[in-house]
Amino acid sequence: MTELRIGIIGVGMMGADHAERVARRTSGARLVAVSDPDVARATTLATALDGVRVIDDPLALIGDAEVDAVIIASPGFAHAEQLMACLEHGKPVLCEKPLTMDAESSLRVVEAEHKTGRPLIQVGFMRRFDPEYAALKRLLDSGDLGRTLLLHNVHRNKTVPETFRSEMIVRDSLVHEVDVARWLFGDEITRITVHAPKPTSLVGEGVLDPQFAVFEMASGALADVEVFVNFQVGYEVRCEAVAERGSATIGLGVDVLTRAAGHWGGAVPDDFRVRFGLAYDIEVQRWVNAAATGGIDGPTAWDGYAAAAVCTAGVQSLQEGRPVEVEMVRRSEVLG
Ligand code: ISE
């Protein structure tokens, strides 16, 4: 089997992690090019990994004859243009969330992909590949606990850069639980309320952190989410599902428990690269396998659009302090 030659756009925290993953522990794939506005950063990375070229212009990387498939790990505002270029060149793409910045632009991407006649876009909702989340999904789908009634989610980051404003907490962080709720319930979110309690004193002026969101599902089920991106302690993501005949919780982080020096306990990971390292490995490997045969194997552009529609309503809810209905076109109107 020939190797899938991959180019990565954006080699900040996540892109650099993916570069390492593709170059060192993904089979059937080879990292051939990287692009980043910070050319020095891209050059340092490329030099450390054999046979990787730096291509300054991300659109040139997408069009490059040596690049078969693309990972987009640039900031969300750059995604729409880069996704459209991937579609024009017919190149499979794994795009980090959010798909785009709002529902309208995401819908244009879904429509453009549909016109190509094949699925080319997979969205980086990595929780779906985490063995604990996958086990929870299997358990709920088995029906052993009866119908799922509620989800309680906790999503905490140790810290984020100062540029991470209130809307980003919705679009870049809460978006994960938007996808989790849609995926676990197999249902759409019809209404969202994002509450903003009095913020922690450890953030800049005007940043609403933590946030507490409530999703109303079309079926009548509910999900709540605490997102707190300046928690200080470490990275913590949990999900508890409450069903008719039982509950199930994942993300307790119970790995190795030590007893030493008068304390007992385990380690709290610093960030998502550690907590979801295995999920990212599985996600990228499955995407590579699928892309090599002309498909995808994970969250679709439609999932990205649905999440963007919920987050668009979520940002409005945060700003206006009220529940907001999610506006989405019907799937059959776009995809037939
Ligand atoms: C980041 O972009 C991620 O995707 C992480 O999973 C999330 O926890 C974090 O809040 C985001 O900034």
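How many disulfides does the structure hold? It holds 0 disulfides, a disulfide being a pair of cysteine sulfur atoms within 2.5 Å.

1. Basis. This is a predicted model, where local features need pLDDT of at least 70, side-chain atom pairs count only at pLDDT 80 or more, and totals for chains, interfaces and linings use all residues. Residues are numbered from 1 along each chain as its sequence is written, and side-chain values use heavy atoms, with hydrogens and water left out.

2. Cysteines. The sulfur of Cys95 has its closest cysteine sulfur in Cys86, at 8.3 Å, which is too far for a bond. Cys239 is in no disulfide either; the nearest cysteine sulfur belongs to Cys311, 16 Å away. Cys95 is buried at 0% relative accessibility (buried means under 20% relative accessible area, with a 1.4 Å probe and protein chains only). Cys239 is buried too, with a relative accessible area of 0%.

3. Domains. Domain 1 covers 4-126 + 278-300, and domain 2 covers 131-270 + 308-335. The bounds come from an automatic or database domain assignment. Their centres, taken over C-alpha atoms, are 25 Å apart.

4. Interface. Contact (heavy atoms within 4.5 Å) links 16 residues of domain 1 with 12 of domain 2. About 1,200 Å² is buried between the domains, and carbon and sulfur atoms give 71% of that. This area is the accessible area (1.4 Å probe) that the two parts lose on being put together, summed over both. On the domain 1 side, Lys97, His114 and Phe125 lose the most, together 35% of what that side buries.

5. Salt bridge. The count between the domains is 1. Lys97 forms a salt bridge with Asp172, with closest N and O atoms 3.9 Å apart. The term means a side-chain nitrogen of Lys or Arg within 4 Å of a carboxyl oxygen of Asp or Glu.

Conventions: Buried < 20%, exposed > 50% of the residue type's maximum accessible area, 1.4 Å probe, protein only.
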